[in-house]
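The tour makes two stops.

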Amino acid sequence: MIKVLFVCLGNICRSPLAEAIFDQKIKNLGISTYLKSDSAGTSDFHIGELPDERTIKCAQAHSIPVNHRGRQVNRTDFRDFDYIIAMDDSNLRNLNNLKVRYGFPEKEIFLMRDFAMGEQGLSVPDPYYGGEDGFLEIYRILDDAIDHFLNKVKENHQIYA
Ligand code: 4NP
């Protein structure tokens with residue numbers, strides 16, 4: 001089983017949406033037996049909470065179920081997940097500090113948009129303080145980046161489904 005963890009700050013907007021989009025895609029591709037996803041936040045702001053209502057609304061508008069409760073990244077995540085994917089620079093920096101502190105200095109942490117063509121180094125923008133249009137924008141960004149990520153995973157692990 002290949003394990004993928006999507007990480008943002010609060011774990012109520014970007015990463016639960018990424019997880020939901022990813023799950024829908026692997027289901028549609030018929031490869032969900034090979035892959036497992038989860039999401040987490042670098043902060044402890046929203047532990048135990050459902051995703052932001054704008055996240056849920058955006059997912060519903062795209063007919064994607066969201067089923068997650070906020071949780072914070074922990075030590076075992078660095079051991080257990082094959083791919084840990086940060087939504088922005090700040091999440092990436094925090095994860096790169098945490099991995100050292102937790103004893104996994106060699107663990108590679110990925111940036112979500114690095115998988116998308118011509119989007120290297122760009123962030124999935126934090127939509128928390130904006131309006132609903134920000135959620136449509138991150139949906140579009142994630143949908144594309146996750147397609148590219150999945151192509152990479154299929155290639156890396158020789159999944160031909
Ligand atoms: P997320 O968005 O990191 O995409 O879940 C945020 C959610 C909450 C906060 C910031 C960003 N907050 O400051 O509470």
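**Stop one: P125**

Select P125, which counts as partly exposed because its relative accessibility is 30%; buried means under 20% relative accessible area, exposed over 50%, and partly exposed in between (1.4 Å probe, protein chains only). This is a predicted model, in which local features need pLDDT of at least 70, side-chain atom pairs count only at pLDDT 80 or more, and totals for chains, interfaces and linings use all residues. Residues are numbered from 1 along each chain as its sequence is written, and side-chain values use heavy atoms, with hydrogens and water left out.

P125 sits in the loop between β4 (109-111) and α5 (132-156). Helices (H or I, at least four residues) and strands (E, at least two) are DSSP runs, numbered from the N terminus.

Next, show R14, R113, E137, I138 and I141: P125 touches these, not counting residues up to four places away in sequence. Contact here means heavy atoms within 4.5 Å.

**Stop two: the ligand**

Now select the ligand and the residues around it: C8, L9, G10, N11, I12, C13, R14, F45, H46, D126, Y128 and Y129.

Which polar side-chain atom lies 2.9 Å from an oxygen atom of the ligand? It belongs to H46.

- N11, through a backbone N or O atom, at 3.2 Å
- D126, through a side-chain N or O atom, at 3.5 Å

On its own the ligand has 360 Å² of accessible area, and the protein covers 93% of this (Shrake-Rupley method, 1.4 Å probe).

Definitions and conventions. Near = heavy atom within 4 Å. Polar contact = N/O pair within 3.5 Å; in protein donor to acceptor, adjacent residues only side chain to side chain.
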